[in-house]
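Subject: Structure handover

Hi there,

Here is the structure I promised to pass on, with my notes below it.

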Amino acid sequence: MSTGTAFLKNTWYVAAWSHEIAANGMLARTITRAPLLFWRDGAGEVVALDDRCCHRAAPLSKGRREGENIRCMYHGLLFDKTGKCVEIPSQEFIPPAAKVRAYPVVERFKWVWIWMGDADKADPSLIPDTHTVDDAQWRGTPGYLHYDANYLLITDNLLDFSHLSYVHETTLGGSAKYAGIRPKVTRNGRSVRVERWLIDDEPAPFLRKLKTWPGNVDRWNIYDVVLPGVLLMDSGSAPTGTGAPQGDRVDAAQFFGCQAVTPETERTSHYFFQQSHGFAIDDSSVTENLRQSVLAGFQEDMDIILAQQHILDLAPDAPMLAMRMDTALASFRTMVEKAIAEERAACE
Amino acid sequence: MSTGTAFLKNTWYVAAWSHEIAANGMLARTITRAPLLFWRDGAGEVVALDDRCCHRAAPLSKGRREGENIRCMYHGLLFDKTGKCVEIPSQEFIPPAAKVRAYPVVERFKWVWIWMGDADKADPSLIPDTHTVDDAQWRGTPGYLHYDANYLLITDNLLDFSHLSYVHETTLGGSAKYAGIRPKVTRNGRSVRVERWLIDDEPAPFLRKLKTWPGNVDRWNIYDVVLPGVLLMDSGSAPTGTGAPQGDRVDAAQFFGCQAVTPETERTSHYFFQQSHGFAIDDSSVTENLRQSVLAGFQEDMDIILAQQHILDLAPDAPMLAMRMDTALASFRTMVEKAIAEERAACE
Amino acid sequence: MSTGTAFLKNTWYVAAWSHEIAANGMLARTITRAPLLFWRDGAGEVVALDDRCCHRAAPLSKGRREGENIRCMYHGLLFDKTGKCVEIPSQEFIPPAAKVRAYPVVERFKWVWIWMGDADKADPSLIPDTHTVDDAQWRGTPGYLHYDANYLLITDNLLDFSHLSYVHETTLGGSAKYAGIRPKVTRNGRSVRVERWLIDDEPAPFLRKLKTWPGNVDRWNIYDVVLPGVLLMDSGSAPTGTGAPQGDRVDAAQFFGCQAVTPETERTSHYFFQQSHGFAIDDSSVTENLRQSVLAGFQEDMDIILAQQHILDLAPDAPMLAMRMDTALASFRTMVEKAIAEERAACE
């Protein structure tokens, strides 16, 4: 579990929902153990600075917006949006080292992404496509949970949906049949793809509140988990025969899920998510119903993950026994470990 | 204090009161830093398994009873009462390593005992005799306290009753005369025996609520503390002259106390106890009165022990100065250290 | 920040307000990680002993006063006011090592000072002059705050008053002009002197509630911070021209502040203070008003210092960038480090 105590830096992390950073407000949030301050400049562009004054480490989030600048309200240093100190009380000379780090930030589809590593490697084209979070063809509700657990325990959970039959038996999951299926797992560079089809079964419990069909359905969950923890998932159900892998998904309940797990510290995490429905998009009762089902389900996940973290705390080095169902999970952990090791090697 | 951070494994620990493990229930309890799950099979026999799934370390206590088996409700592994995994979703093959450890358990006189070490050494005849906890000739009330302190601070307390005059001056103890007596201390293999007689003194404060005599009494506390922390105590008072070591204990108030200290972690402990009276056994007011006195007294013990633990936390390595009254305590600590060292040596 | 985890021993620390140690009471307080017990002997003299019985480390503060002695209420050892054990239950012989450490204590001007180092170096003439805390010419109110922060973060705060313009903008401080002034900083052996004059400015916000003048004032803060953390400050305001460095301070509002920062542990501190006014001393509304302003201001300090401590906890070794305003702070930290290093060298 050594990967749990180091963090990938050269990657895009989801830092916040757009609405968390108000026009004149400030958001303090710690990511990969770095305290950060998020705010918007006059043009509304999000700025991310170290939330630690270069002088005596006071948090700038306890400071004051002054136009396009932030003043540290401990001893009065003023920083511009690039992190450069532009005023120091009682001295004219501003040393070049008087600055706080500014991080590359991209706001896209209601999510604010941050690059914690080398700024010159921060290529926005590497940001996963989460357009369904903000797309007229999809409806969903912004979600956030704070976790008292290492982030990899959350991505583990996302990478093995056999837990749906047990953790979410009466909510998002369903019968043990679901767990009995072997998903197709593919590694793609910096992501793992999981494809799982359940053919000719009853609709999942949560789905029965959203849509009715005369008979059984085919159910699919096809998703990528991208480093270091972004899930993009096409899921849904359609009448048996029309949903199957090559089916045309007629009369389907289709969903797209975007989820992002961002490490706060080694032992705590941020979890951002939106599960959107692509059918009945003008029916707000479906949106609300889905919101409630997702929250209930994610609370079930948190319950088992915190319990798991507690057990791991008692004996962090006790072994885990790999099962076939761990294929995706193990691939992803290996990918994380390798990426972190490569970053470290490049620094030496 | 190094003994406080290691635990004796090849020994019987009290794990629970029988009533804590209901017929269809599950009890999660950590002992010697190992998370454990207790439940009863169809025959009512107590089963103790590691409360940590061999797969991803989820606690089985968050799982589900399925007849004689327990299903982990994270990813659905099913374990039988021997700890063997008998079902893994989505795979036929069950690797031999797919199991959780099952521990030898004996239920006797309302207490559930567990053996944390080598199962083939788990000889039930080594279990101390606590029959008074469940014996028609004795009456008492089950007690349990959770301690935020190392277990040896609790056994220290039990091994030196000179504290009765100070910690329990107005409850279980009495005057300084009691502390002034030198008990006879004997080592017996894996236990220490302490014998203390106070001849011709007033009855202890708690005793005055239970029984009256025209004059002074002889008072005795004769007890063994058995590794790693079980106290068995014959105590009582009888009119002066009849109670004394060779006396016939006519018109005596006789008690038998069974107490067990079980380490939960290095810094927390379980404390099980029943103080039974062997006189006036059909008088429930005596039972209730005794229960209240014992709880009040044990709260006094906890108060001083937690304060002591707090002081030790500030400087764990500061020296302690041995007194003559520490004879039993020191013998017992030496016994614990030696037993742990022997266990470790045997593992190398 | 290595100085934060060691403590100067050969120095006088403020341990308590006199009124915290009642005639027959006991005060338990930890200083430089040592648990201490304070009480008064028959003559009313303060006694300070290790609050840890030499026997089994129980705190004597859970014990009992018996005349001029203290009895440990765990196992009954009795200690006199020199810390010598004078009675041990059940044994006649009292080993010479049976004692707890007694510390040199001086009670002066309502404060109790303690010397944590070598007793033979405890020269009372080294105690800073805090007579204004108990002087008919001055009025003030005893103050105490407990800090969840390292003590040097508090002395840092006291050594750089440029924070008045930011942390205390609307209370004790005022405009940014104050921060713009460069104080005169002088090192004097074991103390740092800071002199800061603000000429011809509006009275500070808190001052407007205490006294009115027709026009602007000259404002001064002249103070010493003495090892390891005692501030003695002459401050005030007087009509412009009369207050200036060589002015006669006619119609002035004069104050004297005594503050003492005493480390409790590496991560927690005691903060004692009294801000006294030397004008309108018979006007209790001025005293009360000043008390409220000081408390409001010190709460602002605590708010920023705890935030700073939180940021430092995330990355204790991240660098700080020295500014010119840090002259006094840096001198003082260097002085602390040097004094601690010298003490250590002397022990080797």
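**Overall build of chain A**

A compact globule of 348 residues would have a radius of gyration near 20 Å, and chain A agrees with this, because its own value is 22 Å. Please keep in mind that this is a predicted model. Along the principal axes, the C-alpha atoms of chain A fill a box of roughly 80 × 50 × 35 Å. Chain A has five helices and 19 strands.

**How the chains are related**

For chain A on chain B, the superposition takes a rotation of 120 degrees with 0.2 Å of shift along its axis, and the RMSD is 0.1 Å.

**Where the chains touch**

Let me start with chains A and B. Their contact draws 24 residues from chain A and 21 residues from chain B. On the chain A side, α2 (176-180) and α4 (284-314) each provide at least two residues. The most comes from α4(A), which gives six residues. Sorted by class, this side of chain A holds 15 nonpolar, five polar and four charged residues.

Now for chains C and A. Here 24 residues of chain C are in contact with 21 residues of chain A. The elements of chain C that give two or more residues to the side touching chain A are α2 (176-180) and α4 (284-314). Which element has the largest share of that side? It is α4(C), with six residues. The class make-up of the chain C side is 15 nonpolar, five polar and four charged residues.

**Helix packing inside chain B**

Two helix pairs in chain B may interest you, and α1(B) takes part in both.

In one pair, α1 (residues 151-159) and α4 (residues 284-314) of chain B have axes that come within 10 Å and cross at roughly 130 degrees. The crossing of α1(B) past α4(B) is right-handed. From α1(B), the contact uses Leu153(B), Ile154(B) and Asn157(B), and from α4(B) it uses Asp301(B), Ile305(B), Gln308(B) and Gln309(B). By class, the residues of this contact are three nonpolar, three polar and one charged.

In the other pair, α1(B) meets α5 (residues 327-347) of chain B, where the axes come within 8 Å and cross at roughly 140 degrees. The crossing of α1(B) and α5(B) is right-handed. On the α1(B) side are Leu152(B), Thr155(B), Asp156(B) and Leu159(B), and they meet Ala328(B), Leu329(B), Phe332(B), Arg333(B) and Val336(B) of α5(B). This contact of α1(B) with α5(B) has six nonpolar, one polar and two charged residues.

Happy to talk any of this through.

Best wishes

Methods:
Residues numbered from 1 in each chain as written. Chains lettered and ligands numbered in written order. Predicted model: local features only at pLDDT ≥ 70, side-chain atom pairs only at ≥ 80, totals over all residues. Contact = placed C-beta atoms within 7 Å. Helix = DSSP H or I, 4+ residues; strand = E, 2+ residues; numbered from the N terminus. Nonpolar A, V, L, I, M, F, W, Y, C, P; charged D, E, K, R; others polar. Axes fitted to C-alpha atoms, helices over the stretch in contact; angles between N-to-C directions. Left-handed = near helix turned anticlockwise from the far one by under 90°. Least-squares fit on C-alpha atoms with pLDDT ≥ 70 in both. Rg over C-alpha atoms; globule rule 2.2 N^0.38 Å.
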